[in-house]
Amino acid sequence: MSTLAPPRPGAARPDKSPPVEVKRWVPSSRWAWALGVVVLWVVIWALTKGNDTLALAGRERTGVHDALAEFRDSVIASRADNPLIQLTYEIGSWFTSVVDWLQRMVSVENFPRPVPEIGWLGVTAVAVWIGLAVAGWRIALLVAASFLSFGIFGYWSDAVDLLIVTFVAVAIAVLVGMPLAVLMGTGNRAVNAVMTTILDVFQTIPTFVFLAPIALFFGIGASGAVVATLLYALPPIIRVAGHGIRTVSATTIEATDSAGQTRWQRLTKVQLPMARKTIVVGLNQTTLAALSMATIAAFVDGPGLGQPVLDFLKTVNVGGAFVPGALIVVIAVMLDRTTTAASEYGERAARGGVDRKRRRIMLAVAGVPVLVCLYLSRTYSWAAEFGDSTWGPRLADAVNEFFGWFTDTFRDLTQGFKDAISTVLLNPLESLLAESPWWLAAGALLLLAFVLGGFRAAVPTLVCVAGLLYFGLWNHAMITLTMTLVGTVLVMALALVFGVWMARSPKVDLALRPLLDAGQTIPPFVYLIPVLALFGPTRFTAIVAGVVYAAPVAIKLVADGVKAVSPTTLEATRSTGSTTWQEVTKVQLPMARGSLVLAANQGLLYVLAMAVIGGLVGAGGLGYDVVLGFARSEEWGFGAAAGLSIVLLGIMVDRIARGAAQKTSR
Amino acid sequence: MTIMSERVEETAVDEREPALSVRNLWKIFGPRADKIIGTPDADLPRAELKRKTGCVAGVKDVSFDVAPGEVFVVMGLSGSGKSTLVRCLTRLIEPTAGTIRMDGVDVTTASEAELRDLRRKQVSMVFQHFGLLPHRQVIDNVAYGLEIRGVGKKERRAKAAEIVSLVGLDGFEHSYPDQLSGGMQQRVGLARALAGDPDILLFDEPFSALDPLIRRDMQNEVIRLHRELGKTMVFITHDLQEALKLGDRILIMRDGEIVQIGAPDEVVGAPADDYVRDFVSEVPRSHVLTLKWVMRAPRPDDSMDGPVMSCDTIVRQAAKAALASEHPVRVVDSQERVIGIVDDDAILRVVVAEEDHA
């Protein structure tokens with residue numbers, strides 16, 4: 001490859017040793033080849049544009065779509081006699097009854113009572129007491145404020161329902177996930193590789209796509225919501241806890257093995273206690289993943305705050321959606337802070353930093369008012385049901401007013417930004433991807449995958465491209481791909497600027513990191529609300545929401561990568577008299593390129609997930625097709641094909657980015 | 001070499017059964033490693049074996065005995081296979097071939113339960129990087145071995161407290177490992193190994209991670225404990241000074257093979273080959289060699305008025321008295337027979353020769 005590259009001035013100089021030249025040449029020639037492929041693509045596109053794009057006319061459906069619809073019908077028809085379907089429905093109805101029972105206990109009326117068994121005062125008191133017990137009084141205050149805000153803004157039942165679905169799913173995810181994490185943490189390399197691959201694929205699937213097949217097998221409502229949430233929440237705990245168990249110091253394991261412990265003793269006395277911190281991190285991620293899926297499960301009629309958000313989004317009532325959306329953020333912050341603080345508190349308690357006797361007495365004393373509140377909430381209606389409050393609608397109106405004023409005042413700015421990105425990036429790229437003949441776009445993607453990632457990227461790409469063609473939504477897939485790529489470019493621009501800034505200035509890092517951490521805990525669904533207010537229901541909204549959603553993780557990855565560059569190297573560069581710009585572009589960024597590629601990979605997947613949800617607010621592409629599948633029964637097959645196409649698209653971009661990353665880091 | 005064979009005879013004369021006996025031990029890492037032993041490939045140097053079969057020989061055909069109460073040091077540079085060897089002894093690494101017997105038990109054929117029992121009661125190990133449990137207090141780290149045997153909490157804590165005090169950690173029972181210095185952490189490691197009252201202690205470079213002063217303290221600690229408790233010890237190190245200081249006998253390893261086994265003075269006085277000679281060249285010889293290494297045969301005209309000293313006296317200890325006397329030293333064996341003469345020249349040769357080195 002290096003022989004084909006144009007000669008560089010440095011190559012002629014004899015004092016440079018050849019191996020260095022070759023090594024330096026590999027990445028740049030790779031990108032040069034990629035550029036060549038793109039140029040060739042543009043040339044052929046100019047000649048053939050608009051032919052064979054495989055765009056479907058409005059109601060046109062392919063045989064595959066019909067076959068999928070038939071499959072759906074056959075599943076529904078076989079509910080009576082197919083044992084597998086019966087089993088899944090059985091599981092689903094069991095979940096429904098668990099959720100239903102919990103709802104009657106704490107959130108909806110338990111007939112013949114006009115109110116739940118335990119009213120809001122009792123539920124809040126118990127939650128606060130739990131916060132106090134696991135994480136101290138600060139968290140107890142946070143929990144109290146959160147629960148009160150549910151009632152004050154008029155979404156008590158929805159908020160508590162969302163918590164119920166989340167907790168049921170997390171409980172089962174831990175029960176199922178921990179043994180798998182142990183298997184992954186203690187199993188041999190083959191077990192580990194198989195599980196990692198499965199988890200990788202799982203995590204490239206956007207949340208939205210889970211829902212249709214799950215609703216088919218487990219039913220809609222609470223059952224579908226719990227199953228989808230459970231499946232989405234499982235990978236983090238398996239992956240993170242498994243990693244924690246696997247990375248327990250080998251010396252300690254050897255030392256304790258040499259004392260003659262059994263395998264069970266090794267697990268319970270050494271591996272699990274030493275991995276405790278990491279396991280709690282996994283639990284935290286699992287909880288937040290569960291919350292975000294439980295929100296989106298509103299699409300399959302799952303109970304909770306997602307439903308009012310969805311209803312308001314459908315009518316583009318930003319203020320209305322803002323209130324339940326903000327409460328979802330409140331829940332996210334509450335859960336995140338509580339799990340994190342509980343872990344720190346537990347650590348302190350385990351090391352003797354907490355006076356156990358005093359703590360027990362304090363909890364017992366605090367239990368008295370809790371019991372009183374429970375009694376009150378079962379006896380008096382004021383303590384059982386939140387009175388009607390006008391805070392919710394008033395806040396919604398205020399938000400609507402604000403955004404009305406904001407968009408009026410800054411219309412030129414938002415519109416200008418939107419137009420600029422559209423003209424410079426979005427339209428040309430969409431034109432290239434979606435108006436190329438399918439064979440051209442497919443060929444170019446394959447070549448790019450090969451050039452950037454070698455066979456390890458090209459083979460999965462071939463499979464995915466074939467799959468996309470098979471499912472008959474090629475054109476829409478290209479539109480979604482365009483949105484994803486544009487979003488990723490914007491994400492990377494943000495990540496580079498803020499990441500480098502954070503890495504170079506501890507002050508900026510200190511100021512931004514909590515914001516980014518908070519940003520990562522918010523379910524993606526919620527991001528749509530403010531962006532929708534700014535840019536209206538268009539594909540652009542989906543892209544910007546995707547950028548906002550993906551930016552925190554990408555910025556953090558870049559910042560950490562740049563920060564990890566050895567200070568000695570940096571010092572050496574400085575001592576040769578580099579400018580700051582040279583320092584960044586010649587040392588820090590090249591040395592952090594592994595993190596950059598990883599950030600791009602994560603950015604792609606996050607933006608893709610959002611581009612799909614954006615179907616709800618007029619983003620078009622595959623996301624819209626999925627929403628259509630939800631909305632109309634006769635379009636189920638079409639929506640399912642779109643969902644599968646999204647999965648393929650996700651795997652494809654992930655594999656190409658990963659392949660490029662592996663080649664780059666070598 | 002004659003001296004070495006004498007030594008072997010001496011050990012053979014010892015009527016007690018050896019505490020540890022290793023015969024033809026092999027450890028080869030890699031695919032189908034067991035097929036290599038017994039073929040000509042087994043004799044290949046490491047690099048060639050790796051190239052030809054993809055396997056790496058960690059331990060090659062090693063045999064030795066350790067007497068009860070002996071401190072047996074295995075010394076070698078990194079990659080010599082010494083750490084692999086010590087792990088094979090309790091099958092933390094599964095040996096490829098050979099037999100290991102400890103107090104009459106065949107370790108190599110022991111079932112998993114028997115092996116566990118052996119590790120719990122007969123032999124324990126101290127590690128270079130301590131391997132302590134960070135989530136447990138010192139006392140519970142020390143009691144860990146007793147805990148997994150099923151000893152009750154009260155009893156095991158009482159026993160652990162005793163051992164903690166034995167290794168000089170009084171007052172730190174309830175500290176956590178990360179609150180202790182490296183030297184103190186290794187004292188915890190030592191206490192943990194002693195808590196189960198094993199017959200044999202294995203040390204895998206226990207003091208390599210410590211700074212020199214602490215290392216010296218810890219070496220003295222081991223010497224003290226050995227004197228008080230009389231345990232059999234197998235001690236791995238890459239530090240020749242440490243080996244000479246602690247070892248009753250030293251096994252020098254290179255590329256998985258035994259180069260020499262002998263007492264400290266034998267290793268210094270009669271190195272088996274250039275490798276060992278090079279190794280010991282910097283050693284202050286007067287600190288290690290005994291009079292028998294510097295004496296000459298008595299002649300009829302030798303004065304019989306000089307001081308009498310045992311042939312096992314170290315040169316440095318004999319030097320002052322020998323130089324002070326006008327007559328040469330008469331060296332006697334254990335039966336009080338005069339077996340040699342050491343004059344001032346002989347003493348000075350050892351002392352001055354090493355000053356040349358310096």
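**Group meeting: a predicted two-chain model**

For bookkeeping, residues are numbered from 1 along each chain as its sequence is written, while chains are lettered from A and ligands numbered from 1 in the order in which they are written.

Helices here are DSSP runs of H or I, at least four residues, and strands are runs of E, at least two, numbered from the N terminus. Across residues 1-26 of chain A, pLDDT stays under 50, and the model has ten contacts beyond four places in sequence for that stretch. A contact means C-beta atoms, placed from the backbone, within 7 Å. Where pLDDT is low, the predicted coordinates should not be read in detail.

The axes of α7 (residues 156-186) and α15 (residues 318-350), both of chain A, come within 11 Å and cross at roughly 40 degrees. Axes are lines fitted to C-alpha atoms, for helices over the stretch in contact, and angles run from 0 to 180 degrees between N-to-C directions. The pair is therefore oblique; under 35 degrees would be roughly parallel, over 145 roughly antiparallel, 65 to 115 roughly perpendicular, and the rest is oblique.

Who touches whom? From α7(A) we have A:Asp158, A:Ala159, A:Leu162 and A:Leu163, meeting A:Pro324, A:Leu327 and A:Ile331 of α15(A). By class that's six nonpolar, no polar and one charged. Nonpolar covers Ala, Val, Leu, Ile, Met, Phe, Trp, Tyr, Cys and Pro; charged is Asp, Glu, Lys and Arg; the others, Gly among them, are polar.

On to the interface: 19 residues of chain B and 17 residues of chain A take part. On the chain B side, α4 (112-121), β6 (123-126) and α6 (144-149) each give two or more residues, and α4(B) has the largest share, four residues.

Last, chain B has an open sheet of three strands, ordered β11-β12-β13, with mixed pairing. Pairing takes at least two DSSP bridges between two strands. Strand β12 (residues 329-332) runs antiparallel to β13(B), joined by four bridges, and B:Arg330 has B:Ile341 as its bridge partner in β13(B).

Technical notes
This is a predicted model: local features need pLDDT of at least 70, side-chain atom pairs count only at pLDDT 80 or more; totals for chains, interfaces and linings use all residues. Two residues are in contact if their C-beta atoms, placed from the backbone, lie within 7 Å. pLDDT is the predictor's confidence in each residue, from 0 to 100.
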